[in-house]
Amino acid sequence: MPEGFPEYVDVDYSDGEGETPEDYPSIQHKIEKAIEVTKTGLEEYENPAVMWTGGKDSTLTLYFVNEVAERYDLEKPPAVFIDHYQHFDDLFDFVDRWADEWNLEVKFARNTDIGDYVDEHGLTPGDDIPISELSEHNQHHVRNILEYEEDEFPFLLDTYVGNHLLKTVALNDTLESEDIDGIISGIRWDEQEARADETFFSPRHDPEIYPPHDRIQPILQFDEADVWETFWHFVVPETVEEYPDEGYVPQDYDDLPNGLTHEDIPVSPKYFEGFRSLGSEISTDKTESTPAWLQDLDNTTERAGRAQDKEDLMERLRDLGYM
């Protein structure tokens, strides 16, 4: 951890307290706030990084980081991509493609203790892993932090133990090894009840739980529809030269203008297929066959395609360092 953290950081930890997306009545208001928060994050933290999953929210956040770094001549931070070993295969192609396009350094956060055990024993998702086979570090998290008493846990991402070991432990170990003091994260107030009270700058300073750092959260004020409106009318036209300047909203999987293909667009093809949230290949389903932005966003649940046992535990997982 950089010496002197958090004393050298001058941010308002109460910024956004008690607010909702309705406090930012237009897309322009939301974008201006995102730029303000991102700029403060890049200026105040000595060693920030961007959390990038390849999903729409983190990619939108990365867009703001790129824009702010270029506009204000600030150093572009690296991205941290958590490889939990259960991603959709084509998500790696998407991340590789746009990391190269945006000249972005990507640091892969992995719990290699578990990954190596899975490879060595030829496990597939759902197979059990004995707690006794884990490293002392992972056993500490299972027994002392999670207070998990079973002898085994399933190799599944969207479970209490699996999510913590494969995502949170991997992230926290990377924060520590890379001396990251601020992680720029693309979470939103409307996305999940456990995130509704977050502020734009959120302290995580308890060394008993995670390496001390802050969360910088520029898109809290966006709802799901706002994210897609910003993509099709700002992000894509400004990053894809052949895209119409006024924007264009694709109406089906193959509907892209000017001969463009999915590889040309910084939007995962999974969203064109009908997924609204990208989690694990094993436990995330598409919600409809129509593209995500054309679905009934007001009256249906964005994360309905996710495994709900993890969703129900979200508040406790966040207390342990989950995003």
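The chain has 10 helices and eight strands, where helices (H or I, at least four residues) and strands (E, at least two) are DSSP runs numbered from the N terminus. The structure is a predicted model, in which local features need pLDDT of at least 70 and side-chain atom pairs count only at pLDDT 80 or more, whereas totals for chains, interfaces and linings use all residues. Residues are numbered from 1 along each chain as its sequence is written, and side-chain values use heavy atoms, with hydrogens and water left out.

Along its principal axes, the C-alpha trace spans about 60 × 45 × 35 Å. Of the contacts (heavy atoms within 4.5 Å) with a separation of 6 or more, 68% involve residues 24 or more positions apart.

Buried residues (under 20% relative accessible area, 1.4 Å probe, protein chains only) make up 56% of the 323 residues. The chain carries 23 positive and 80 negative side chains, and the centres of the two sets lie 2 Å apart; Lys and Arg count as positive and Asp and Glu as negative, while His and the chain ends are not counted, and each charge is placed at NZ of Lys, CZ of Arg, CG of Asp or CD of Glu.

E191 is located in the loop between β6 (182-184) and β7 (201-204), and counts as buried because its relative accessibility is 13%.

Conventions
Buried < 20%, exposed > 50% of the residue type's maximum accessible area, 1.4 Å probe, protein only.
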